[in-house]
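Hello,

Here is the structure I promised to pass on. Please open it and keep it beside you while you read my notes below.

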Amino acid sequence: MEQLTERKFYPLRPIQRWLVDTHFNKAKSTMMNIGALFKLSAPIDIQRLVDAFNEILNAHDIFRCRFVFHPETSDLCQTFDNEIFPVIIEEWTDEEFLLIKKYLAEPYDLIGKPLYRVYIFKTPSANYLYIDFYHATMDGVSSAILFFSEVDKIYRGRKVKRPALSYAEYVDEESKISPEELSAAHDYWKKMLAPFDEKKHLPPVDVEGVAAWTQGNVEYEIQNFTEKFFRNDGCNENTFFLGASMLTLAKVTGSNESIMSWIHNGRTTMRERRIMGLMLEQFPCAWKFAEDISVRDFLDKLEGQIRTGIEYRKGLDMVYNDGLEDDCVSFIFQKNIREGIILGDTTMQPVYLPPNDISAVENALDIEVNAREDGTYDLFLDYDASRYSEASMKNFAKTMNKILIAMTDETKMTSDILS
């Protein structure tokens, strides 16, 4: 016990604790896994790739992170001084690998265990990479951009500029903000979310008899709307798609207001942009469409709300701790996040892994818009299939597509779109 108490224990950041608490409801599921399987191109030197991965794992303290119970208070906390489990090359027959693929996505054992998995598989026909992070330690920017950017640089023999601030230092710094400093932000978020009502601000339930947290997915290619609109108009893509999501939610609920949330990468300074770890924040947003205004005015005012929210982001601890947006619809805008990743002048092609019987959904409805390299957009809806049917979600996607097209006329009134 004396040796344990000499270690430094860090609190979980509010967003980390919120994700872990959400996962505890379905602890044996993979709902918090951020994983992907890639087929490596033949020219890739897999030993050099292994060396690059191991250098990165040893360079960032987030990979030494473990969730533990404090020996004195029993509070769930985290440590950053643990062992790194190195990446090795595993050799399998093609037949064995077909079987292994089915079991790559496994639930994380949350207490005292590593919270990442990096596997390289060598088979007679091809080589593969499987990489998986626990979401309460890594976000999409860290896993899909920062991590693979370092992999590529190290693999090519280039110098990597590492962040001046480690994740442990960031957690420690943030934990010293006093509640008094955050009181105005707490009041702002509490007022915004006070009217939230599941029956009013979520799509109407149209399913019964399905187990809670059952995962449903709808993929939809947005039609007759491309990136060319933003090149000509200059409107912010994130704000435009968030506004379309809010209008769609109001349309399908038959309400004159939307209360939902949107996800920001949480990096607002150059120092924060290079930190490997969970930095994202989920911001509440609300709009009353009873005040009829043009699309242009709506987007301008929504952009103002976004800027105010970012100023108050450190006060989101109250939102997470009190569960004020546990059931809110959430929105995220991403670029090329689902396409192949460049490594050593070749592309790692993603290999589809279907949901399995331990998959589960995190929220009632997650709306993701992904911008593709060719200027088109895909819409992904991850939804609670115990509440919503696939047909209703496809209708949501089609409705949002129509609203996006209607919004290109920025003189159009919101009432005309919702009528």
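The largest cavity has a volume of about 40 Å³. Keep in mind that this is a predicted model. Rolling a probe the size of a water molecule over the atoms shows where empty space is left. The count is two cavities of 30 Å³ or more.

Which residues line the largest cavity? Find Y188, W189 and M192 first, then W262. Next come F283, P284 and C285. Q305, I306 and G309 complete the lining. Three elements each give at least two residues to this lining: α7 (183-193), β10 (281-288) and α12 (295-311). By class, eight of the lining residues are nonpolar and two are polar. None is charged.

Now turn to the second largest cavity. Its volume is about 30 Å³. I62 and F63 line it, along with L115 and Y116.

One more residue to look at: E91. It sits in strand β5, which covers residues 89-91. Is E91 buried or exposed? Its relative accessibility is 59%, so E91 counts as exposed; the cut-off for that class is over 50%. Then find T123, which is 32 residues away from E91 along the chain. The C-alpha atoms of E91 and T123 are 6.0 Å apart.

Best wishes

Key. Residues numbered from 1 in each chain as written. Predicted model: local features only at pLDDT ≥ 70, side-chain atom pairs only at ≥ 80, totals over all residues. Heavy atoms only, no water. 1 Å grid on protein atoms, 1.4 Å probe; cavity = no way out; pocket = protein on both sides within 12 Å on 5 of 7 lines; lining within 4 Å. Points joined across faces, edges and corners; volume = space filled by probe spheres on them. Helix = DSSP H or I, 4+ residues; strand = E, 2+ residues; numbered from the N terminus. Nonpolar A, V, L, I, M, F, W, Y, C, P; charged D, E, K, R; others polar. Buried < 20%, exposed > 50% of the residue type's maximum accessible area, 1.4 Å probe, protein only.
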